[in-house]
Amino acid sequence: MAVLSELEPNKVFKYFEEICSIPHGSNNVKQISDYLVDFAKAHNLKYRQDDDLNVIIWKDGSKGYEDSEPVILQGHMDMVAVQEADCKKDMEKEGLDLEINGDFISAKGTSLGGDDGIAVAYTLAVLDDEEMAHPPIEAIFTVNEEIGMLGAASIDVSDLKGRLFMNMDSEDEGVFTVSCAGGASVICKFPYKRDLVNAPVIEIKLHGFTGGHSGVEIIKERANSNCAMARVLLNVFQNVGMRLVSVNGGEKDNAIAKLSEAAIVVLPDSVDKAKKIIEDTFAEIKEEYRVTDPDANLTLNVRKSDMVDAFTDAATLATIIAMVNMPNGVQRMNPEIDGLVQTSLNMGILRTEMLEVKMTFAVRSSSETEKQYLIEKLKSLTEIFGGSVEIVGPYPGWEYKADSRLRKVMVDAYKDLYNGEEPVVEGIHAGLECGIFASKLPGLDAVSFGPQMNNIHTTNEELSISSTQRTWELVVKALAALK
């Protein structure tokens, strides 16, 4: 029995429930992609499904809108499929169990996939409505957005005519996103040599740092534990004879590192001095970041003298100096949008491997030229120390468009529907599919928006019913105004 059948707008919730009945986690999108193709066939609409299972559906403009500029409606069909430990559902094969709690829809024991099933539902409701006033519609449904925007990267849009682009992949009602950062992962590789030394080992652990998302939270200027470790090691190196044994920190390039560990060797009569330098340096860091990282902590452990395979003096110097001098954090603020970071980078991962130390940075910028310059800066610094750079997964940014017709139409529609209230118009220092499409469709005029969702990508995810209705009214009003 349908759970959402009594909700309005009826068609939106009808399609959302159908989507939720189909397994559609990332990399498991064949069934949902075929469902969209079947929809197009059933409604006699032109469509295209590519080898990666992206789908595009076309619909002519309504009466009086036949010659209007086409509008692109876009969302992704995959979801982050997670479940509670005691949930027995096979999310590869089974749909979701929906439930309603007051104003919210959720799924029992699993994530809901409102991100981005609601965009698919909105778009199907538009394509299925014969009374709605709208320009020609070009509907894009991408795959595997949640694991790197892979569908947007691969899809061919050369046959699309529209440049007005409504991306429905935001989770905060009343917020219009109008620019996003492009980025890349930059892996800086520093070769090193080792030799054996008989000396005590000091193990240093920096932990309890706040961390956070390296895009949207980089502006909070929290400490990066990898950079804190660089500072600690530099002070020891400058004051005590030491060699590096290993240094490791962070988990993901797009997460501000919360934990870093290092092992060093020093002369037996220098252990106490080295420990004091480490403790004093950490105390300085702790004081400087007392607001942003109040739980930062230091743990030290000393192992007695033994034969240790340590970095050579030259390798120790090169590694520490590289760690200290690599840029990190906010590099430039956006000059057009107050409070928006334009360019940043984050040393998210630090690893000592068999033959090299790897430092992996998430580089972000809404300016393609600034992004490329920052990558070149990392490359040149790495090469000074005899290293090399690998660039992984580059994606383009979406620059703010000062003369956006779509933004004006949507702001006016929002104010009409919300009794004169102004929406929040902002950029985001993180990647969105809009950036990829902006690089493929010159002159793209895009706005990203959506209904209120909470706790996306978790088993506590929920979608507001009333917000879904209000956002639908916004879609209808905006399309009618784009004649």
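**Close-up views of a predicted model**

**View A. Glu336 and its loop.** Glu336 is exposed, its relative accessible area being 54% (buried means under 20% relative accessible area, exposed over 50%, partly exposed in between, with a 1.4 Å probe and protein chains only). The residue belongs to the loop between strand 16 (329–333) and strand 17 (341–352); helices (H or I, at least four residues) and strands (E, at least two) are DSSP runs, numbered from the N terminus. The C-alpha atoms of Glu336 and Tyr400 are separated by 8.1 Å, although the two residues are 64 residues apart along the chain. This is a predicted model, in which local features need pLDDT of at least 70 and side-chain atom pairs count only at pLDDT 80 or more, while totals for chains, interfaces and linings use all residues. Residues are numbered from 1 along each chain as its sequence is written, and side-chain values use heavy atoms, with hydrogens and water left out.

**View B. Packing of helix 1 and helix 2.** Helix 1 (residues 10–20) packs against helix 2 (residues 30–42) at an angle of about 140 degrees, and their axes are 10 Å apart. Axes are lines fitted to C-alpha atoms, for helices over the stretch in contact, and angles run from 0 to 180 degrees between N-to-C directions. The two helices are therefore oblique to each other (angles under 35 degrees count as roughly parallel, over 145 as roughly antiparallel, 65 to 115 as roughly perpendicular and the rest as oblique). Tyr15, Glu18 and Ile19 of helix 1 meet Ile32, Tyr35 and Phe39 of helix 2, contact meaning heavy atoms within 4.5 Å.

View C. Four strands form an open sheet in the order 4-5-23-22, with antiparallel pairing; two strands pair if DSSP finds at least two bridges between them. Strand 4 (98–101) and strand 22 (453–454) are the edge strands, each pairing on one side only. Strand 5 (residues 104–107) and strand 23 (residues 462–464) run antiparallel and are joined by two bridges, with Leu463 in strand 23 as the bridge partner of Ile105. Helix 11 (residues 465–481) lies across strand 4, strand 5 and strand 23, at about 55 degrees to strand 23.

**View D. Strand 12 and strand 14.** Six of the eight residues of strand 12 (residues 242–249) are buried, so this strand is largely enclosed by the rest of the structure. Seven bridges connect strand 12 with strand 14 (residues 260–266), and the two run antiparallel. Ser246 stands opposite Ala263 in strand 14.
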